[in-house]
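Hi,

Here is the structure I promised to pass on. Have a look at it first, and then read on for my notes.

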Amino acid sequence: MIDKINIRVYACAVKNKKVLTLFEEYAGEQLMKFPGGGLEFGEGLIECLHREFDEELNVKIEVVEHFYTQEDFLVSRFRENEQLLTIYYIVNITTEEDFLILDPCIEKTEWIDIDRPDNPFPLPIDQIVFNKLKEKFL
């Protein structure tokens, strides 16, 4: 039975037709994902993105535009009682010289080519977003 909603806010930081990705282990599973995370009570969507980039990567961002909001019902692959709602923005990193992985869960980061032939993201909404990035930037 679904009894919780988890709102997730993510960013597509795009530079030179590449997008920033994070590699981390979560619940015993290796994930490639976009930077961002869970919305906290009393926090706005943009505030959440600024906090996540500050906490995880030690950088400041500029939000360029809203990019995509998940439209279909989705149950978390990690918690069967939890419904997910994911929202994505296009951002620029404004203090890239300060970039430092602060979150111990993040194993590495990588700028991946948007024009690669495959879609490397394991999570279904991230797959949709990556395809939309191809449409927008190629």
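Before the charged residues, a definition: I call it a salt bridge when a side-chain nitrogen of Lys or Arg is within 4 Å of a carboxyl oxygen of Asp or Glu. Please also keep in mind that this is a predicted model.

With that in hand, Glu40, Glu43, Arg51, Glu52 and Glu55 form a network of linked salt bridges. Glu40 and Arg51 meet through their side chains, with an N to O distance of 3.5 Å. Why does that pair tie together parts that are eleven residues apart in sequence? Glu40 is in the loop between strand E4 (36-38) and helix H1 (45-57), while Arg51 belongs to helix H1 itself, so the bridge links the two. The other pair is Glu43 with Arg51, again a salt bridge between side chains, at 2.6 Å from N to O.

How exposed are these partners? Arg51 has a relative accessibility of 15%, so it counts as buried, given that buried means under 20%. Glu43 is buried as well, with a relative accessible area of 16%. Glu40 is partly exposed, at 44%.

Over the whole structure, the search turns up eleven salt bridges.

Now the overall picture. The UniProt record, an unreviewed entry, carries the annotation "domain: Nudix hydrolase" for residues 1-134. Over that stretch the chain is 18% helix and 43% strand, and the C-alpha atoms at its ends are 36 Å apart.

On to the inside. In soluble globular proteins, nonpolar side chains tend to be buried together. Here the largest nonpolar core holds 18 residues, and Cys12, Val19, Phe34, Phe67, Tyr88, Val129 and Leu133 are the ones with the most contacts inside it. At least two core residues come from each of strand E1 (4-15), strand E2 (18-26), strand E5 (61-69), strand E6 (82-93) and helix H2 (124-137). Which element gives the most to this core? That is H2, with four residues. There is also a second, separate core of 16 residues, and Leu22, Leu49, Tyr89 and Ile93 are among its members.

Cys12 sits in strand E1 and counts as buried, at 0% relative accessibility. Leaving out residues up to four places away in sequence, Cys12 touches Val19, Phe34, Phe67, Tyr88, Tyr89, Ile90, Val91, Val129 and Leu133. The C-alpha atoms of Cys12 and Ile90 are 4.8 Å apart, although 78 residues separate the two along the chain.

The largest pocket contains about 740 Å³ of space. Its lining is made up of 34 residues, and Asn6, Arg8, Tyr10, Gly38 and Leu84 lie nearest the centre. E1, E2, strand E3 (29-33), E4, H1, E6 and H2 are the elements that each give two or more residues to the lining. The largest share, five residues, comes from E1.

Finally, two backbone details. Most residues other than glycine have a negative phi, and most peptide bonds are trans. Which residues have a positive phi here without being glycine? Asn16 has one, near 55°, and Asn58 has another, of about 60°. Asn16 is in the loop between E1 and E2 and counts as exposed, at 67% relative accessibility. Asn58 is in the loop between H1 and E5 and is partly exposed, with a relative accessible area of 30%.

Over to you!

Notes
Residues are numbered from 1 along each chain as its sequence is written. This is a predicted model: local features need pLDDT of at least 70, side-chain atom pairs count only at pLDDT 80 or more; totals for chains, interfaces and linings use all residues. Side-chain values use heavy atoms; hydrogens and water are left out. UniProt positions are given in the numbering used here, feature names are shortened, and annotations may be inferred rather than shown by experiment. A nonpolar core is a set of buried Ala, Val, Leu, Ile, Met, Phe, Trp, Tyr and Cys residues joined through side-chain atoms within 4.5 Å. Buried means under 20% relative accessible area, exposed over 50%, partly exposed in between (1.4 Å probe, protein chains only). Contact means heavy atoms within 4.5 Å. On a 1 Å grid over the protein atoms alone, a cavity is a set of points where a 1.4 Å probe fits but cannot get out, and a pocket is an open set with protein on both sides within 12 Å along at least five of seven lines; lining residues have an atom within 4 Å of a point. Grid points are joined across faces, edges and corners, and a volume is the space filled by probe spheres set on the points.
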